[in-house]
Amino acid sequence: MNILGISAYYHDAAACLVRDGEIVAAAQEERFTRKKHDSAFPVEAIAYCLAEAGIQAEQLDHIVFYDKPFLKFERLLETYLAFAPRGFRSFATSLPVWLKDKLFQKSMIAKALTALWGDSVDWNKRLLFSEHHFSHAASAFFPSPFTEAAVLTMDGVGEWTTTSLAVGSGNSLSVQKEIHFPHSLGLLYSAFTYYTGFKVNSGEYKVMGLAPYGEPKYAKAILDNIIDVKKDGSFALDMSYFNYCTGLTMTNAKFDALFGGPPRQSESNLGQREMDLAASIQAVTEEVVIKLARGVARDTGQKNLCLAGGVALNCVANGKLLRENIFERIWIQPAAGDAGGALGAALGAYHIMLDQPRKPASGLDSMKGSYLGPQYSQDDITGRLTGRGAVFTIHTDDELIEQTAQALADGKALGWHSGRMEFGPRALGGRSILADPRSPTMQKLLNLKVKYRESFRPFAPSVLREDVAAWFEMGTDSPYMLLVADVAADKRRQMTAEENALFGIEKLNVPRSVIPAVTHVDYSARVQTVHEETNPRYYRLIKRFKEITGCPVLVNTSFNVRGEPIVCTPEDAFRCFMGTELDVLVVGNALLRKTDQSPSMAADYKASYELD
Amino acid sequence: MNFVSELWAFLRVRKKLWLMPIIIVMVIIGGLLVLAQGSVMAPFIYTLF
């Protein structure tokens with residue numbers, strides 16, 4: 001039984017192939033087309049999934065789309081009716097898009113499939129549609145290690161739902177409660193993302209990264225005026241502060257008046273006000289998430305919790321939720337955003353519509369470490385790199401690990417392209433930039449000379465699973481970098497009064513632990529635990545680094561520059577290597593040093609991608 | 001035709017038949033807008049709808 005899940009047309013198009021309940025392949029379209037958050041029909045991701053499974057299109061039993069266009073259209077109409085005559089401009093802008101394309105999504109998808117695979121099969125008959133939040137819930141529960149769990153999904157909006165509570169048991173999943181549009185925690189966070197001058201749908205991470213620089217001075221104003229949060233975590237927004245139902249912006253003049261000024265202009269200087277706003281919305285989000293989780297625990301009596309939806313990518317809130325000890329265990333879908341909807345849609349069809357049993361997860365869960373994307377054989381890598389004019393040497397695994405660990409210990413910034421590509425927004429040691437976290441200058445160097453991104457943004461650590469409790473205040477698995485924990489007290493350095501008085505980025509430049517490159521200004525770190533069973537090669541690398549340096553931690557950031565999708569092919573990795581100040585590149589068993597490459601191949605790379 | 005019957009079935013199941021006249025009017029207005037505009041703008045808020 002082969003089921004293809006698809007998400008597309010809004011943001012983060014992706015495809016996933018499930019065979020007899022096993023996730024065989026999953027990838028986001030952006031990785032192939034090199035367009036960040038590409039929403040186009042995922043032609044290349046689908047082709048990859050079929051190739052990975054070694055099947056022809058005719059062997060697909062069902063193709064499942066991750067949301068329901070008619071239901072979304074219903075929301076669109078009823079929202080405009082509720083606000084009419086306000087919102088005519090927005091209506092006039094979006095309606096033609098719907099009437100031309102979105103309303104006819106079923107035939108659009110069938111046509112796209114026919115264009116891909118011909119008309120020997122009536123694709124319409126194999127096409128199914130899953131509700132957006134149901135897809136999220138399925139992606140959170142079915143791959144989790146739990147036989148029973150409460151499932152909480154939170155995002156901007158699906159069709160109507162913005163937050164849902166479900167209970168999963170065996171191969172069943174039943175939705176118990178929902179909060180509907182326009183009341184949305186994701187859209188509230190996006191409103192502040194917009195207001196602090198970042199891009200909606202991609203800048204939310206930056207707001208989260210900015211929050212520790214500020215004080216939650218506006219949290220009370222938000223709770224008193226904008227959002228009414230009940231004891232069980234259910235909430236309602238005062239829509240008079242927002243413009244997203246009727247206009248082309250997220251917030252309006254009343255919102256500006258409450259927070260004392262207009263939105264920050266994109267790319268202009270960040271001030272204390274933006275930092276305080278970020279801290280405030282982060283604090284409110286955490287409060288709502290924790291209240292929701294408490295309500296869920298009380299209502300369902302479940303001991304385990306699964307999370308998905310864009311808000312579940314807020315790893316700071318996830319870390320706080322973990323420390324509240326409301327649930328015994330928490331599992332978060334690594335592709336918690338819309339890309340993961342493709343996975344949930346396919347799994348939901350298999351287990352619920354076809355009533356197929358779940359197999360118990362072997363190892364941590366059924367996600368295979370989220371290494372579900374393409375990989376390349378050494379012969380293929382050699383051919384591709386040679387074709388690009390790269391100068392490289394090929395080593396055995398042992399030699400490669402030794403040389404790479406040594407280069408990292410020597411302070412080199414290193415590109416690491418190894419095994420299958422990750423599914424989801426985080427690089428987890430398949431397509432990563434790695435560095436020594438002990439270096440006090442590494443954070444600045446990576447931000448400004450390798451990633452070309454804002455200097456206030458921190459980096460995340462990868463740590464051997466067995467060493468996590470000694471280095472961070474956390475004892476659980478965090479294989480997908482979705483939990484934030486503080487650096488262990490004995491690894492921290494106390495700040496002097498003078499250092500504490502520093503402002504903004506100056507604060508980040510003061511080493512505050514023995515691993516300063518991955519320690520944020522509040523001592524927090526977005527931890528990835530590395531497990532031998534899911535990524536043995538990466539595990540071995542860190543282990544060897546630990547033997548050399550005594551430190552079982554590496555800086556792990558995604559292999560890309562600002563605005564670029566994470567690299568996919570060896571050529572992408574080589575291009576990024578030559579366009580940045582990375583010192584060393586590892587692709588499979590090939591090792592490249594920048595000093596060996598022809599300087600004529602260096603290109604001005606950072607201008608190649610639109611800023612995110 | 002298939003599309004119309006699916007839309008009809010959807011509205012019946014959702015008990016939203018009252019939306020039908022509105023949809024018809026909107027299709028007419030939308031059609032005019034498409035003709036008037038020539039191209040379709042999709043603002044950033046597009047992702048919501």
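Which residue in β20(A) is the bridge partner of A:His417? It's A:Val587, and we'll come back to that strand once the ground rules are set. What you have here is a predicted model, where local features need pLDDT of at least 70, side-chain atom pairs count only at pLDDT 80 or more, and totals for chains, interfaces and linings use all residues. Residues are numbered from 1 along each chain as its sequence is written, while chains are lettered from A and ligands numbered from 1 in the order in which they are written.

Let's start with the domains of chain A, whose bounds come from an automatic or database domain assignment. Chain A splits into domain 1 (2–66 + 68–129 + 338–366), domain 2 (179–332) and domain 3 (378–608). The C-alpha centres of domains 1 and 2 of chain A are 28 Å apart. Eleven residues of domain 1 of chain A are in contact with nine residues of domain 2 of chain A, contact being C-beta atoms, placed from the backbone, within 7 Å. On the domain 1 side, the elements giving two or more residues are α3 (69–83) and α4 (88–100) of chain A, and α3(A) has the largest share with three residues.

Next, a sheet. Five strands of chain A form an open sheet in the order β8-β7-β6-β11-β12, with mixed pairing. The strands are DSSP runs (E, at least two residues), as are the helices (H or I, at least four), numbered from the N terminus; two strands pair if DSSP finds at least two bridges between them. At the edges stand β8 (172–180) and β12 (329–332) of chain A, each with a single partner strand, so one side of each has no neighbour in the sheet. Within this sheet, β7 (residues 161–169) of chain A pairs with β8(A) in the antiparallel sense over eight bridges, and A:Thr161 has A:His180 as its bridge partner in β8(A).

Now back to β20 (residues 584–587) of chain A. "Buried" means 20 or more other C-beta atoms within 10 Å of a residue's own; 12 or fewer is exposed, in between is partly exposed, and C-beta atoms are placed from the backbone. In a regular strand the side chains alternate between the two faces of the sheet. β14 (residues 414–417) of chain A pairs with β20(A) in the parallel sense over four bridges. β21 (residues 590–593) of chain A runs antiparallel to β20(A), joined by four bridges, with A:Val584 opposite A:Arg593. β20(A) and β21(A) make a hairpin with two residues between them, and A:Gly588 in the turn has a positive phi of about 60 degrees.

Two helices of chain A are worth a look. In α8 (residues 185–195), eleven of the eleven residues are buried, so α8(A) is largely enclosed by the rest of the structure. Just after α8(A), A:Gly197 has a positive phi of about 90 degrees. In α17 (residues 442–450), A:Met442, A:Gln443, A:Leu446, A:Asn447 and A:Val450 are buried. They span an arc of only 130 degrees around the axis (taken from the directions from the helix axis to the C-beta atoms), which puts them on the same side of α17(A). These buried residues pack against β15 (431–435), α20 (505–508) and β19 (553–558) of chain A.

Finally, chain B: it has two helices and zero strands, and 8% of its 49 residues count as buried.

Note on methods:
Two residues are in contact if their C-beta atoms, placed from the backbone, lie within 7 Å.
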